[in-house]
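Thanks for coming, everyone. I have a few minutes and one structure to walk you through. Here it is on the screen.

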Amino acid sequence: MNTLTKALCTATLTSLATISFAQAPIVRQPPTPDQQQADPQYQLPPPPPPPDAQSQPQSQPPQMPAPVAPQQLDQLVQRIALYPDPLLAQVLTASTFWQEIADAANWAQQHSNLTGDALAQAIQADNLPWDPSVLALLPFPSVLDMMARDPQWTGNLGNAVLVQRNDVMDAVQRQRQAAHNYGYLTSTPYDNVVDNGGAIEIQPVNTAYYYVPVYNPAIVFYAPRPGFVITTGIRFGPPIIIGPAFGVYGWYGAGFGWGGHTILIDHRPWTRTYYNRAVYVHPYEHPYVHPAAPRVENHPPAPHNEHHESAPHNEHPH
């Protein structure tokens, strides 16, 4: 074998070795026990900053997100537009604290065996640090799960609520009107649907019991296809008990002043905006959380296979 042939063989073998090395799979080392305990169930990145935020000097605050077009807002609110008014008000306000949703969803899933007063006592005993609007959703693990699994949607909704609340509420009304016109949205044993001066309100029949509607936005906001049974369009989850102990989270008097584009929490307007978001404090701030106090679990969590809010309630349609 001459010198040139030897050189070519050597180069070929080297190239093959390099390719083989580059294509070798990267084996992720298992986390240490401490890391396993620290990792949350929802491994989700936060929503990205506004497009021009990274290019601005550090001394300048991020620019306010650009308003979202009406058609995009319609799509943004579809998955929650048919929630009862009080629950929808809590979801809209909680979405503005999107960075707290994943931890809250974890806690709600781990304690899904607790309901009513027992759940309220656990929230207080654990000294949870999140905003009251997020704490208000802890009885609804499926709602928090939906928000936590799609942080981009939750962040976009929260920004829209802070920047263009009137437009968000108008989008909700457009979707409700469409579902009502097509026959999907009607009163049920769970919720009363009322047209109040052009604004469609959805109020629980019993304010102590809430039922999360389960529906496909691709169906209920559009004309039904021939042969489709409209009464199967919306189902309901099991009852969620909201008793007097949850009043500290603004549940009493939660809803909307649709004519004035007002979100009401505890009978008072919720006035957090993009400009005052860093300093806004709710007038209904609960009295027992002390940020410096350690958080201690004082009750057994739910088994991992218990999720009481996951199945629809009796498949009851609208």
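Start with R176 and D85. Their side chains meet in a salt bridge, with 2.7 Å from N to O. R176 sits in helix α10 and D85 in helix α4, so this pair ties together parts of the chain that are 91 residues apart in sequence. Buried or exposed, these two? R176 is buried, and D85 is buried too.

One caution before I go on. This is a predicted model. The average pLDDT over the chain is 80, and 70% of the residues score at least 70. Residues 11-39 fall below 50 in pLDDT; apart from near neighbours in sequence, that stretch makes one contact in the model. Residues 314-318 are also below 50, and there the model has 16 contacts beyond near neighbours in sequence.

Back to the charges. How many salt bridges does a search of the whole structure find? Five. I will show you two more of them.

Next, R79 and D150. They form a salt bridge, and the closest N and O atoms are 3.1 Å apart. This pair also links distant parts of the chain: R79 is in the loop between α3 and α4, D150 is in the loop between α8 and α9, and 71 residues separate them. Relative accessibility is 30% for R79, so R79 counts as partly exposed. D150 is partly exposed as well, because its relative accessible area is 26%.

Now a local pair. R149 forms a salt bridge with D145, and here the closest N and O atoms are 2.8 Å apart. Both residues lie in helix α8, four residues apart, which is about one turn of the helix. R149 has a relative accessible area of 53%, so R149 is exposed. D145 has 18%, so D145 is buried.

Then there is an arginine without a partner. R165 is found in helix α10. R165 is buried, yet has no salt bridge. How far away is the nearest side chain of opposite charge? That is D167, at 11 Å. So what does R165 touch? Setting aside neighbours within four places in sequence, R165 is in contact with A160, H261, I263, W270, T271, R272 and T273.

A160 takes us to helix α9, where A160 is one of the buried residues. The others include P151, W153, T154, G155 and L157.

Let's check the length of α9. The helix has 13 residues, 151-163. At 1.5 Å a residue, α9 should span 18 Å, and its end C-alpha atoms are 18 Å apart, so the two agree.

Last stop, the strands. β1 covers residues 191-196 and β2 covers 199-204; they pair in the antiparallel sense over six bridges. V193, for one, has I202 in β2 as its bridge partner. β1 and β2 form a hairpin, with two residues between them. Look at G197 in the turn: its phi is positive, about 65°.

That's my tour. Questions, please.

Technical notes. Residues numbered from 1 in each chain as written. Heavy atoms only, no water. Expected span 1.5 Å × (residues − 1). Buried < 20%, exposed > 50% of the residue type's maximum accessible area, 1.4 Å probe, protein only. pLDDT = per-residue confidence, 0-100. Contact = heavy atoms within 4.5 Å. Lys, Arg positive; Asp, Glu negative; His and termini not counted. Salt bridge = Lys/Arg side-chain N within 4 Å of Asp/Glu carboxyl O. Pairing = 2+ DSSP bridges.
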